[in-house]
Amino acid sequence: MPPPSVPLSFLAAASIGLIACGVTWIWVRSASAADPHSDPAIAAVHFGVLAALTMGILGATHQFTPVITGRPLRSILLARATFVAWLAAAWALPLGIGFENVAVTATSGCLALLGLVLLAWNLAAPLSVRGKGTPVTALRLALLGAAATTLLGATFVGDRQGNWFVLSAHVDLAMGVLGLYAWLGVTYIGVAQKLWPMFMLAHLPDGRRAGRVAVWGTWLGAAVLAGGLAHGAPSAEWAGAGVLGIGLGAHLALLWAHLRHRRRKADLHLLFVATAAAWLVVAAGLALAGALLLPHHYRLGVDLVTAAMVASGGWLLEALVGHAHKVVPFIVWSLLRSHGGRNGPSGKPLMFADLYHHGWAGATYGTVTTGIAALCAGLGASWTPAIAVGGALLAATGVIAATNLSARPLQLLTAVRTGPVPPAAATSQRPEPAKGST
Ligand code: HEM
């Protein structure tokens, strides 16, 4: 596995990106209610999809690619360079678009292309492994999705220098579908197939076929739908949406099978994962309603499709925040142990559950869920106050999650560094995940 600083830096950046996203939605609430495709709205969208979601998913990619493939990343230095390139791109793009500075926007396109090259170079080594099953296929397809999204993004950025193309809302939507489903979504669908059995203590008799359908269906469906949207071909749009629906349906069926076979009792992680899945169902309903209404009531159709994109992002955000409450304590536990930390705040052996406050974790669930709901309602109904409330709740989520997941580990790390050396014989085995973590 890479050193803890690699995934943790991506995840810390994601929470700061979420704060920026929330603040920007408050700032641009009136402009985005008037026109969800205006530049201020596009800036807020990219703080969400790039600075928050992409940074978080890239953190998971760097952490879990070695676990899933059984091979290390090509280089840790490359991972750090990838972090810097994507972080700079993720902030430069919305700032450039929001403040109408074409030079900054152009720089963001170059940085994103650089980030893509570094990412592909680093991951190509572990992803060339054979015989490791569907999660590896998912990570390979996600890399292709990342390439398609970034190349399209760089083209859009280029267009801003000279208005070469006619970028209709349909064409813009193609990027949203590629980025959210063929890149970030497929990564989550693949990685979840490794994480859910562990976190839910669920071992399915056979989930491999559903897992394959989920990965391939989501990726192919998103690619065909995006192609249809980009070329204005309704038959490809409907065919792609149908295949995407099959893929996402298989993902939900797999979650249901894990829930039925789990041996761990219901906990906050399960609530996050189940709510994330519910956002996917909301997104499908809104997208279908929007597509059917679009020809007759254009503005209402556009608003519903915009709300569907928010719910799609909500699916990934809710899952990311929920999994962060499992994965960050896991990484930090190993870090503390390597520094000689043996005991939690109560003096008992250190457990994953000691590494954050559970009441604040519950509050994070509340803010992120109501934040997504408010933003969905606000953009779906062009309702300015709801957009502002959604932004405030998303910003609060970033602040609470980052503080909650880092405060206790930092306290314990300081205590370990400044306190007496612990007796060598103290508890040395890893905590039993079934008992210690939530
Ligand atoms: C996960 C990745 C991404 C997602 C989900 C995404 C999503 C979107 C969406 C939904 C829109 C339309 C917004 C609207 O009309 O309100 C859009 C537009 C845009 N995106 Fe992205 N994007 C991603 C990555 C990128 C990258 C990497 C770049 C550039 C390097 C980029 C550059 C742009 C530009 C310039 C536009 C505006 C196009 C225009 O002028 O109409 N995006 N994106």
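A: One term before we start: a residue is near a molecule or strand if its C-beta atom, placed from the backbone, lies within 6 Å of it. This is a predicted model: local features need pLDDT of at least 70, side-chain atom pairs count only at pLDDT 80 or more, and totals for chains, interfaces and linings use all residues. Residues are numbered from 1 along each chain as its sequence is written.

Q: OK, how many residues surround the ligand?
A: 30 residues do. The closest are G153, F156, D172, G176 and G179.

Q: Which helices supply at least two residues of that shell?
A: α3 (39-69), α5 (102-127), α6 (134-162) and α7 (169-199) each do. Helices (H or I, at least four residues) are DSSP runs, numbered from the N terminus.

Q: Where does the largest share come from?
A: From α7, with eight residues.

Q: What classes make up the shell around the ligand?
A: 18 nonpolar, ten polar and two charged residues. Ala, Val, Leu, Ile, Met, Phe, Trp, Tyr, Cys and Pro count as nonpolar, Asp, Glu, Lys and Arg as charged, and the others, Gly among them, as polar.

Q: New topic. What domains does the assignment give?
A: Domain 1 (1-129) and domain 2 (262-416 + 428-438). The bounds come from an automatic or database domain assignment.
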